[in-house]
Each structure stands twice: as structure tokens, then as C-alpha cells.
Amino acid sequence: MSAQMGGWICSFFFLFCAASLPMLGKASLLQELGPQEYFSRLQAGRASLAFFSRNVSPSAQPFLEQIENSVEALQDYGISVVKVNCPKEDVSRYCGKENALRKAYLFRGNILLREFPTDALFDVNSIVANVLFALLFNEVKYVETMADLQNIENSLKGRSNMVFAYVPATGTAEHRAVMEAAFVYGTAHQFVLTTEAMLMKDPGSDDPDVSSAQLLFCHCQRALELAQPCRRTPMERPLTLLNIHRHLKLMGAPLVTEVAEDPEKVSTVHLQLGLPLVFILSQKETYEADRRTAEFVAWQLLGKAGVAILPRDAVDLNVLLRSNVALKTPDEGVPIKYLVLEDTDEVITLVEDKSKLEQIQEDEDEEEEDEKENDNQDIQDDQVVEAVSRDRKRELPLEQILTLTEETFPSAMLEPARVVVLFYASWEAVSLAVLRSYVEVSDHLKGTQGVLLSKVNCWDWPGVCTKENITQFPTIRIYKNGGRALTYNGMLGSEELASFIVLSQVSCPLKLATVEEAEGYLRGELPPELSSYHHASVLGVFSKATSVAREAFMEAGNILSGHVTLGMYFEDDALALSRKYAVSPPALLLARSRDGSVEGIALSKQSAQDIVQMIRYELLDTFPEITVQNLPHYLQLRRPFLIMFSNGDIGQTENEEMLKLAKRRPQQAFVTCWLNLKNTPVGHGILKAYFATLPSLPVLVWVNLHAGGQVFSFPPGQPITETNVLSWLEKLKAGLEIPSSTLSEADWKPPLPAYNFLQMMETTVPEFTLHPSFSHGEPREPQPPGSSEEKAPVGEEQPEEPGVTAEKGQSPGRDLRGTAPRLAGREKRHSEL
């Protein structure tokens, strides 16, 4: 606001206060002059209202009283009021005719501006309103038709704003208020007046329904195109001078206030005028979307509340970790309310319905009590939820992980580096547990060239996840230059995930050009990226005549990319290389890094899936220690388990005997393994399920989970040797042993059906339109009817304002995505959000 404008407002307050004081000595302010003296005193540029009379008749007495009452009000605007006493002999224009004596005359200098019939100046309001209306004929436009109004709007677009007022009749108190406001603000805004109710008609309504004076602030300065209408903000209070001033002050305030301090110390014009202030809590990665959300809310609440955007990292308040909106009321001493709201509709309702704030506060208090009461139930129901809940106040260092949004995801896919994306839901416990592992991976891979770690919160950005066909959380994918996405389907621990990311950097299979390269590959001479990863290496050897097997091996490599290290050699001397290891092409050479041995395996089956299964099996350890991480790999074999339980490392003798047993080729029909209860405490629960009372350790157990579920225990009095175990297995096969227990045949299924996450997101934010776009990675499946790919129904027309409407293809920011996680049933979340 300019200094000149500020001066006008100060003058306005002075004039308004002066007009409110008791009217003392009004008679002394009404000048009485003769005609010659009056016209000689007129000054250029000075306005005066004159009433000419000879003898005051009883019928003119009420008018004269109102003229006297208006003297001080008009004087505040520099307008003098004069009663001109005409001599009987005066036959001039103003004194000589009877009709002239029934009028009042408005002069500027010696120029007559307007004649007023005395019956039109019936009180102070009508006098001030009509006089100012005549003086401000350039500042205040009067319109009677919609075409006139539209022409004025078009002339103002991109330049200035318009104050459009409707009064049922001129000369009323409302008319006076509009004129007095135009006197102060007339050079800042274009004032337009009408007495035609039809001009206030709502385009969507058949009836104007205008029963009283109204005022609209038209934001024409923001309409940069001729076809774009001027957005209108109605003044919802009665049309008085003070309310108009208040409304124009609010319209002149910033649409969204930027805040970078403690919100308790923030003061804006809204709070000063008795309105609440809404804070939209933002985070750095999604600032642009949060800004659009704040602007959308600000337009909806314009004139009712102020809106500010508060970055989460600007203020160190623990309450910000679980809230996305804060409300500050103008009431002194009332603390700021920090809330968790679902969408912008709730924010608007919160401001317009004060009872809503009390209800939300009560609900959140009840939720906190429920969380305290249900802590033990959480532990019983879900150990993952319990673990996340106990650690939910710990901040996660996410600086090395890029947060992607609808706007930044497409450009990230064009990065030259391999982009690793964690798709997760901010309210879901497993997602948050994996997010911790993801942070550990980022620390482990810090400084690794060619790898970019990122994350997408699908609860905030459902459009991205729908386009990428993310149907379960969490999902981890690796993208490379917009090519086919590689989906991680292994264990979600940090070591396994880091290994997958590093291995995926190397071509799978890696094509070797010479025998020397092939021999070096088998000796462990791997690319630099794999220097810290000591995995068994598989080399496929093919002759020119085995093209079918070679193609199947390459397809298997695509499936196993990131999980194993594969090499391929198919030059002319491939036959000599394979004969060195006593196999004929097509064949696999398996080099184990542990003992440096190379084993030749013939490829009898030549489909990609058969090769994948063969490689996975051959890479398994001969006599493995079963852990939570590797158990799924062995369960996939769907074979019986011969498993030794021990409370620590098993003895050397037992280890040698069991290793002999495991290496016997005929015995590959079952998995020979062991479980250390010290390393894997869950083994205690397994033993309790197998036996009525816990046996002494070590104990050797045979169990077939996939056929009958019978559990047999090796006789405790016999030493565990290869011969004794083989003899015992023969008795089992002959049905001569009695099982210790039989496991239930009930399927191991989750207690509840899986969530349909995409449907949940669509239901939660029905106003969201998820726009189709080009995608990278895996091919998309067709979307079923009713999915979130369909456009949401149009419930109301959204105005398109510069700086408010998102770019083409983006949502308008009606939900509070990005500011904080929205809740489904008020779930617990991690403090990083």
C-alpha cells in the first residue's frame, strides 16, 4: 500500500471518529450570506452546497433542519454548507423564481455541478450520499445494465480491482456508506454502483434474491485474460462504512502469509480485525503443492479468516509432527489449536462452524486416551505396529532420500542414475518399518555413484502410485532412463535391499568376451561396483548351436537381476572352457566364493523359469543355518526339513556328520539345515509348537510342512551320525516311527483380508482427479471401472485464478496432501512425517 493510500486511511479514521462525536454548535457552522457575498467567496476547486431562501416557510423548516444537521458531516469532506438569504428585490436566477427556491445547489468553485430538489434531501444520509455522489461522478460509475457492468470489468482486467455495490435506492444510509468509502478508496479501486437488483443475480440462480444492500469486491487485477471472469468476494456483513473499510483492508492483505517464526508470535491484519488465522503446515519437499493448497483455502475463506503457510522445519514444536493444520483465534490468551484434518473442506468447515473445532478437539483427546489404553493390545495384535509405535517419536535422518511428488516424479525418471523409489503409505506400520531400513541403506550407499534413493508417499500422492500400478505397500522399484522398472521382491532388511540395489547396477547376465575374462569371473574378479559383495557367481556357457538355451538364460538373467551375479560366455572356444569343468554346453559353472571351488552343472531344462529355479536352488547353502531372512528361500523348495535345533553352535562332530548327509545326492529330496536359538529366538516358539514339553538340545527333527505336517524327533539316546540318521529316515519312510505331533492343516493366512489401497485413496479424496500420463517401467494393467484412474464427478465449478490453479495435469490442491499424513481410522504414524 502506498504512503498516499496510508495517509487516506488515517484521514478516514480521523473523519469517522470526528463524525461520531456529539454535534455541538451546529447552528454556528451553517453560514448565512447574501447572494453577492456568497458568490464572491466561492473558491476554485472548493465545493459548497447552497440553499436560497427569502422567508422560511413552515414546509421548508424540516429540510432546513436536516441541512443544519449535515453541516459538520459535509465539512469533514471539505464541503461548506451555506444558507443564502435572498432580498425581496433580487430577481436573479437563484432568488427570483419560486421553483429555484425549492432546490439546493452544489457548486465547485463558481461552476454549478448539480441541482437537488429539496424533497430528495430528506435526512443527513441522503444529503451526504447525494452530494458525494455528484462530486465523485468520475470515481463512482453508475450502471443499469449487465452490458455496462461487463464493459467496466473488461476495462479493468489486469489493471485494477472493482468495488461493486448494490443499494435498493439512492440517498439511503447504505448509499452514504458507499460514497464515503469511495471518497477514501476511490483512487485505489474502481467503485461501481447500481440500484438494479438483477445485476446482483447469481448466474446459477433464476431469482436475484437481493433483499438488502450488498457489496462485492471483484478481483479484476488477477484476471489476465479478457475471457477470464473477475472473481467476486462478497462482504457478508451489513453495508456500513466501518464494515466496508474492514472488508477492503482484508482484500488488500496478502492472500497467503509466509511465516518463519513461532506462530504464537504471529500477528496479521486478520487477527487485528477479529478473524482467525489458519496455518497450513508444510514440508520442504512438497512446498509448491502445499502453497497451492494454502492458496485454495485462502480463496475459500477470503474475508472470513487469514491463511498462512508454516514450514515444519521453521519451528521446533513436537506437536507439529502429527498435525497438518493449526488455528489461531483472535481471543487473547487462547492457545493455538494443532489439528489433523483430512481435506480442505474440513478446514473451511472448521472456520465457519465453531462447534466443529470443539468436536475435533474432543475426538483427538479421545484418540490419545484410546492409544494409551490400547498399547498392550497393539503388542498382542501386531509386533510390527507395536515396534513402530514405541519408536514413533524418533526422528529419521531423511536428508539423503529425495521425496518425490506428482510434479517431480516424471523428471526424476529421466535422471541418468538408477532411481530407487520406495512407494509407501505414511500411516501403515510395515511401510514405516521399511522406511527405517531404507534410511540404513542410504547410509550404507552414501557416496555410491549412479544411484539415487527416493520415496513417494502414496497416501499423499495417489496419482503417482496409481499410474505406476502400485497395489501393495511397501513396494520398491528401480528405474533406469525410463526403461523397464525392476521390482524388488526380496526380504525388506537393509542388507538385502542394499545388496539388491548394488547388484542391479551390473548387467545380468554380464557378457564376457574372452576365456581369460570368463576364468577371471569364476575367480571372483567382478566389476568394481561389486567389490564389497562376495556372492557366489554363476557362469552360463553356450555354444553357437545352443541359441535357444542362451536366450532362455538371458531371460532368466532379467528375472534374477539384483539377486544374483550371472555371467555368460558363448564364443567359439566355449566348448574347451566347459570341458575343463567336465560338462558340455549348455551348462552352468557355479563358483562359490567361500571355498573357491567351481562346480559344473548341465542345463537339462532350457526354459527361463526352469533355469531360474535351478540357479536359485544351486545357490542355496549345502547345510544352511536357518534364519528369519533366508527361511522363505528354503520354504519355496516345498520339501521336507531335516533340521537340528541347538542353543549355540553345533559341535564339530555333529556338523561333519550332517554335512556328509547333506552332500549325498540322493538325499536332495529334503532340506538338511540347523537353527541356532541364540541367533534366532523365534525357534523357541517353533519347538513349543512341535513338542508338548521342550526337549533337551540339540535335537534333530524331521517335519514335512507341505504334506501332512507330521513332526518326528530323532531318538535322543542315539549319537547323530550319518549312518544312524539314514537308518532312522528309512524307518520313517516305512511308517515304523510315531510322530511327536501333527501340525494343523489350517492355512497360514492374515487374520484380515488385504486392503484395496487404491480404492481407499479414491474414497478418501473423491474430489481428486488422477490424470493419465505417460509412464516408465513395467507395463500398466488396464484399470477396472470405478478405479481411481477415472475422473471424479464435478460437484462445483472451481475458479481458475493465477497462482491458485495447478499446472495442466495437476490437481488443484484441495486435499492436504504433502502437509502431513492423512489418517484412515486415525492410525499411528512416524514422526518423520
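**Note on cysteines, salt bridges and local geometry**

1. Cys 508 has a relative accessible area of 12% and is therefore buried, where buried means under 20% relative accessible area, exposed over 50%, and partly exposed in between (1.4 Å probe, protein chains only). Cys 673 is likewise classed as buried, at 0% relative accessibility. The model under discussion is predicted: local features need pLDDT of at least 70, side-chain atom pairs count only at pLDDT 80 or more, and totals for chains, interfaces and linings use all residues. Residues are numbered from 1 along each chain as its sequence is written, and side-chain values use heavy atoms, with hydrogens and water left out.

2. How many disulfides does a search of the whole structure find? The search returns three, a disulfide being a pair of cysteine sulfur atoms within 2.5 Å. With bonded cysteines counted along the chain, the pattern is 1-2, 3-4, 5-6.

3. Cys 86 is buried, with 7% relative accessible area, and Cys 95 is buried at 0%.

4. Cys 220 and Cys 230 form another disulfide, with 2.2 Å between the sulfur atoms. Both cysteines lie in the loop between β9 (214–219) and β10 (231–234), so the bond ties together parts that are ten residues apart in sequence. Helices (H or I, at least four residues) and strands (E, at least two) are DSSP runs, numbered from the N terminus. The torsion about the S-S bond of Cys 220 and Cys 230 is about 115°, so this disulfide is right-handed. Cys 220 and Cys 230 are both buried.

5. A disulfide also joins Cys 458 to Cys 465, with an S to S distance of 1.9 Å. Is the link of Cys 458 and Cys 465 left-handed or right-handed? At -85° about the S-S bond, the link is left-handed. Both Cys 458 and Cys 465 are buried.

6. The structure contains eleven salt bridges, each defined as a side-chain nitrogen of Lys or Arg within 4 Å of a carboxyl oxygen of Asp or Glu. One of them pairs Glu 258 with Arg 291 at 2.4 Å, N to O. Glu 258 is partly exposed, with 45% relative accessibility.

7. Arg 291 also forms a salt bridge with Glu 295, where the closest N and O atoms are 3.1 Å apart. Arg 291 and Glu 295 both lie in helix α10, four residues apart, which is about one turn of the helix. Glu 295 counts as buried, at 9% relative accessibility.

8. Lys 304 and Glu 352 meet through their side chains in a salt bridge of 2.7 Å, N to O. Lys 304 is placed in the loop between α10 and β13 (306–311), and Glu 352 in helix α11 (residues 344–352), so the pair ties together parts that are 48 residues apart in sequence. Lys 304 is partly exposed at 24% relative accessibility, as is Glu 352 at 48%. Through shared partners, salt bridges join Glu 236, Lys 304 and Glu 352 into one network.

9. Which residues gather in a patch of negative charge on the surface? The patch consists of Glu 516, Glu 517, Asp 572 and Asp 573. Patches are made of residues with over 30% relative accessible area and no salt bridge, with like charges joined within 9 Å. Asp 572 sits in the loop between β23 (565–569) and α21 (574–580), and it counts as exposed at 68% relative accessibility.

10. The bond joining Phe 473 and Pro 474 is cis, with omega about -10°, and Pro 474 lies in the loop between α17 (462–467) and β19 (475–480). The bond from Pro 585 to Pro 586 is also cis, with omega near -5°; Pro 586 is found in the loop between α21 and β24 (587–591).

11. Asn 469 has a positive phi of about 55°, although this residue is not a glycine. Asn 469 is located in the loop between α17 and β19 and is buried, with a relative accessible area of 17%.

Notes. Patch = residues over 30% accessible without salt bridge, like charges linked within 9 Å, V, L, I, M, F, W, Y side chains within 5 Å. Areas by Shrake-Rupley, 256 points an atom, 1.4 Å probe, with all protein chains shown as cover. Lys, Arg positive; Asp, Glu negative; His and termini not counted. Charge placed at Lys NZ, Arg CZ, Asp CG, Glu CD.
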